[in-house]
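Student: I would like to learn how to read charged contacts between side chains. Could you take me through them slowly?

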Amino acid sequence: MEMSTALEGIFVGIADQLCREAEQITWEHRRKRALNMAFVRDQQQARWNADSRSLEPNPRFPRGSFDPRIYINLFKAIYVTTKSRFDSSRPQVLVEPGSADQPAIDRAKAAEKVLSRYEWPRLDMPRRISDAVAAMLLLDTGIWKVEWDPRVGEIEGSIPLLDEQGQQIGEELVHEGQNRVRSIHPDDFLIDPTVAEYEDARYCVYRPRLSLHSIYNTWRVSVPADMARPKIGDAISSLD
């Protein structure tokens, strides 16, 4: 147990160091993202504070003061027009067979029907695509996390939960599981800063902000609260 704890501490230290290295080069991107979000929310008077690395009201225009200037927000107009052009397209689901054999072609057609008729609407992919387009335009990158969630779907059975002495203390339901697609905020996705192309990266780190409830349900650990960020889909959909 002590060896396992020591190794875990070493891995955590290495991950923290990699995150700090990758994070150092992201601040210029974060500045642009924050200003883009401010402009699309009609907050043209906001400015970036390089010391606190955050947006703040421009002291030249104190809150509540009378400002007779007329602003024309060209940024928001261009964003809305461009996003509408992308949203008007309707991507189609295509599955290519692994070979030219008829059985492979039949399997590809069957998979295509399942994806387009069931998985596509179940995953709410039109909204996911719209979120990704908005993130691409405002945050410079649209990122999805595609994963298998074993905790959802129809219940197939249960397994016993045992304590340290091997005594059963309850049961855990076993679900059939389903695919899941989530939009990821670029600030939570750190990439090896030594490369120019994603394909050459030695590592990438996904560092999500989770609710206390989600953390406890997943790892049974209670942790102190931290500053939360709204989900990217919720934040972007409020701009439409």
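Tutor: Let us begin with a term we shall need: a residue is called partly exposed when its relative accessible area lies between the buried range, under 20%, and the exposed range, over 50%. Please keep in mind that what you see is a predicted model.

Student: How many salt bridges are there?

Tutor: A salt bridge pairs a side-chain nitrogen of Lys or Arg with a carboxyl oxygen of Asp or Glu within 4 Å, and by this rule the count comes to 18. One of them joins R127 to D124, whose closest N and O atoms are 2.7 Å apart. D124 has a relative accessibility of 30% and therefore counts as partly exposed, while R127, at 37%, is partly exposed as well.

Student: Which parts does the pair of K76 and D42 tie together?

Tutor: In that salt bridge the closest N and O atoms are 3.1 Å apart. K76 belongs to helix α3, residues 74–87, whereas D42 sits in the loop between α2 and β1, so the contact ties together parts that are 34 residues apart in sequence. K76 is partly exposed at 24% relative accessibility, and D42 is partly exposed at 46%.

Note on methods: Residues numbered from 1 in each chain as written. Predicted model: local features only at pLDDT ≥ 70, side-chain atom pairs only at ≥ 80, totals over all residues. Heavy atoms only, no water. Helix = DSSP H or I, 4+ residues; strand = E, 2+ residues; numbered from the N terminus. Buried < 20%, exposed > 50% of the residue type's maximum accessible area, 1.4 Å probe, protein only.
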